[in-house]
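Colleague: Could you take a close look at the ligand site in this model and at what lies around it? I would like the contacts spelled out with their cut-offs.

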Amino acid sequence: MKILITKPINTIAMKILEKAGHSVTTWDKAETLSYELLKSVSKDFDALITMLSDRIDSSFLEENSHLKVITNYAVGYNNIDTQTATRLKIAIGNTPDVLTQATADLAFALLLNISRKITTSASDAKNGLWKGWEPLGYIGQNLRAKTLGIYGAGRIGQEFASLCKKAFDMEIIYCARSSKKEFENSLGATKVEFSQLLSASDIISIHCDLNEDTKEVFDIESFRKMKKTSLLINTARGQIIKQDDLLRAVRDKLIYSAGLDVTEPEPLPKDHPLYNESDILITPHIGSATTEARYKMAEIVAENILCGFEQRKLAGDVNKLFQ
Ligand code: DGY
């Protein structure tokens, strides 16, 4: 079988697939693999390993209904029309679990950073703006015993909450579709309505999927309900926040600051106004970017492809075509 990987990834994926007798092509050409180009070159392959930036919509799938498996090199799969894929009997895979720690760690790093203005102050020091020890300069916030609101208490949200509990003994509240009993028992987390999460949290960290219910759920109305001292972290998907409203909220001091690993679009253009706000920190979607996580993600996508070819349940199984 022939497999296309749309961007270079850890070579363990290729080794596993080639050992199983398959032929693997990695798109490493200078020419960007645009939506149209991927749609057309996919006709020559039996399976794809895609990135979260590849749009795999219904038109793409209808034209490539011969594909047996598509696996995202990511845990999120909002870029793939899974309903159409299921109807066309194309197995869809993802990479759960193996990036949980890496992404939770990054959320924690963003939190420490924005609560103590680390990037802002370090960049001032480097740029000659360090005038001396300032009694009123770069004042941040303590994190100890604060209330943490988790929006989307899946694997990553729970891991982040556990880090915050251990490090700062935070009180944890969460919003999720269903109750998470183990989370409640182990960390004393309490499930609350969205409006209470907004008004009671000192820190809100977003960990939900992007879907029609969560798209732009953090808008100006939400920001108005949040504490003026609150810190907002997003390591999930950019579109969960209405970015123009966030800009307004930070400028009008409705919230204190935000740490974003995800934006809409990605990359965020260099001249985007969000970059000009000293109380908004943006990292370039590096949640899963550790050697360990990316190696394991490469192993899982290879395993997903093999399972799909053999009509076995995928390791990261999105549309559950096989048992
Ligand atoms: C994913 O895998 O969906 C994450 O966004 C990576 O950071």
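Modeller: A polar side-chain atom of Arg-237 lies 2.7 Å from an oxygen atom of the ligand, which falls within the limit for a polar contact (a pair of N or O atoms within 3.5 Å; within protein, one must be able to donate a hydrogen and the other to accept it, and residues adjacent in sequence count only if both atoms are side-chain atoms). This is a predicted model, in which local features need pLDDT of at least 70 and side-chain atom pairs count only at pLDDT 80 or more, while totals for chains, interfaces and linings use all residues. Residues are numbered from 1 along each chain as its sequence is written, and side-chain values use heavy atoms, with hydrogens and water left out.

A backbone N or O atom of Gly-76 is 2.9 Å from a ligand oxygen, and a polar backbone atom of Ser-288 is 3.5 Å from an oxygen of the ligand. Of the 230 Å² of accessible area that the ligand has on its own, the protein covers 95% (Shrake-Rupley method, 1.4 Å probe).

The residues around the ligand (one heavy atom within 4 Å of it) are Ala-74, Val-75, Gly-76, Leu-99, Arg-237, His-285, Gly-287 and Ser-288. By class, this shell has 3 nonpolar, 4 polar and 1 charged; Ala, Val, Leu, Ile, Met, Phe, Trp, Tyr, Cys and Pro count as nonpolar, Asp, Glu, Lys and Arg as charged, and the others, Gly among them, as polar.

His-285 leads on to Glu-266. The side chains of Glu-266 and His-285 make a polar contact at 2.8 Å, and the side chain of Glu-266 also reaches the backbone nitrogen of Thr-263 at 3.0 Å. Glu-266 sits in the loop between strand 11 and strand 12 (strands are DSSP runs of E, at least two residues, numbered from the N terminus). Leaving aside neighbours within four places in sequence, Glu-266 is in contact (heavy atoms within 4.5 Å) with Leu-52, Asp-261 and His-285. Glu-266 and Ser-53 are 213 residues apart in sequence, yet their C-alpha atoms are 8.2 Å apart in space.

Is Glu-266 buried, exposed or partly exposed? Glu-266 counts as partly exposed because its relative accessibility is 35%; buried means under 20% relative accessible area, exposed over 50%, and partly exposed in between (1.4 Å probe, protein chains only).

Notes
Helix = DSSP H or I, 4+ residues; strand = E, 2+ residues; numbered from the N terminus.
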